[in-house]
Amino acid sequence: MTKDDELHYCGYVAIIGRPNVGKSTLLNHLLGQKISITSDKPQTTRHRLLGIKTTEHYQIIYVDTPGLHQDHHNAMNRYLNRAAASSLEGVDVIVWLVEALRWTAEDEYVLSTLASSTVPVILAVNKVDKIKDKPTLLPYLQEISTKRSVAEVFPISALTKKNLSELEHRLSQCLPLAVPLFSADQITDRSERFLVAELIREQLIRRLGAELPYRLTVQTEFFETSTDLIQISAIIWVERPGQKAIVIGKQGRMLKIIGQEARKGIESLLEQHVFLQLWVKVKAGWSDDERALRQLGYTE
Ligand SMILES: Nc1nc2c(ncn2[C@@H]2O[C@H](COP(=O)(O)OP(=O)(O)OP(=O)(O)O)[C@@H](O)[C@H]2O)c(=O)[nH]1
Ligand SMILES: [Mg+2]
């Protein structure tokens, strides 16, 4: 064993990028455990969330963030951008995630947000599994790496885990020498109540149409563990009675499916049987009301 082997490194790695680029998928697959919800709709992640990976020699504290976007029209959008931008403060390295062969105006916006960062930026070009014509990738990599000085470029697939261990190895080299900040068995800073509400919201996002997911939020109201079961009840807040009717569905069918699927995810997370009750309630205009947002857990 060399002297280096006895050292321990610990630090924060922010994962930044436009909505839908694959940040949360990357976090889950780096950790080997699902703690952040994902979907094919943009603005799935609404909160800064830590994912902690501890090995013998290092502890990487990944920071998953909402996608940076240019839509500032309501209080929720402004909150998302604030939460993402503030996640850059105090980190040791940034993973800047873009999508292979797909550069958009929102990537340009992320680039401008990164301008003031002084920590190393590692550019990860995601979703390379989707590229059929591989030779087109090299010029793309060359082109985007000229947009900003970066420490290294990694073509990756968060979904198939291609190049993820290489990426993690490189990130571990950017960490400062430090004792671990979290205990080795802790994988996130978020409570079980928070993760439960997120798993319910994930089902709602995945199963409802284009607009409705942005008009709802979920709050865990009751969470009690007994010997053989966890009893949970949660409220799905929507903005209008018509939205409530859609979430419930004909004869309650939509809400039933959402409850069944969410319960499976919650049971696999908590490794216990779960009894889940869902209620749908209306809170008019909550997504554009700073005070309501704070009450519903949107605080930095
Ligand atoms: N083909 C392919 N799809 C991917 C990959 N990574 C993520 N996806 C898909 O891209 C979509 C968005 O993934 P998310 O992880 O939710 O993206 P995000 O960047 O966290 O999005 P926001 O939270 O909305 O900012 C999902 O449908 C993922 O399955 C990848 O490497 N390859
Ligand atoms: Mg996300």
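There is 1 cavity of 30 Å³ or more in this structure, a predicted model in which local features need pLDDT of at least 70, side-chain atom pairs count only at pLDDT 80 or more, and totals for chains, interfaces and linings use all residues. As for bookkeeping, residues are numbered from 1 along each chain as its sequence is written, chains are lettered from A and ligands numbered from 1 in the order in which they are written, and side-chain values use heavy atoms, leaving out hydrogens and water.

A cavity is a set of points, on a 1 Å grid over the protein atoms alone, where a 1.4 Å probe fits but cannot get out; a pocket is an open set with protein on both sides within 12 Å along at least five of seven lines, and lining residues have an atom within 4 Å of a point. Points join across faces, edges and corners, and a volume is the space filled by probe spheres set on them. Here's how the two spaces look:

| Space | Volume | Lining by class |
|---|---|---|
| Largest cavity | about 40 Å³ | 2 nonpolar, 3 polar, 2 charged residues |
| Largest pocket | about 400 Å³ | 7 nonpolar, 13 polar, 6 charged residues |

(Ala, Val, Leu, Ile, Met, Phe, Trp, Tyr, Cys and Pro count as nonpolar, Asp, Glu, Lys and Arg as charged, and the others, Gly among them, as polar.)

The pocket has 26 lining residues, with Asn-20, Gly-22, Thr-25, Ser-39 and Lys-127 nearest its centre. (Helices, H or I of at least four residues, and strands, E of at least two, are DSSP runs numbered from the N terminus.)

Helix 1 is mostly covered, with 8 of its 9 residues buried, meaning under 20% relative accessible area with a 1.4 Å probe, protein chains only. Those buried residues pack against strands 1, 2, 3 and 4 and helix 5, where contact means heavy atoms within 4.5 Å. Just past the helix, Gly-32 has a positive phi of about 75°.

Now for the metal: Ser-24 (OG) and Thr-45 (OG1) coordinate the magnesium ion (ligand 2) at 2.0 to 2.1 Å. Ser-24 sits in helix 1 and Thr-45 in the loop between helix 1 and strand 2, so the pair ties together parts 21 residues apart in sequence. Donors are N, O and S atoms within 2.8 Å of the metal (3.2 Å for Na, K and Ca), and water is not among the atoms, so sites may look incomplete. Ser-24 is buried at 6% relative accessible area, and Thr-45 is buried at 10%. Thr-45 also turns up in the lining of the largest cavity.

Notes:
Buried means under 20% relative accessible area, exposed over 50%, partly exposed in between (1.4 Å probe, protein chains only).
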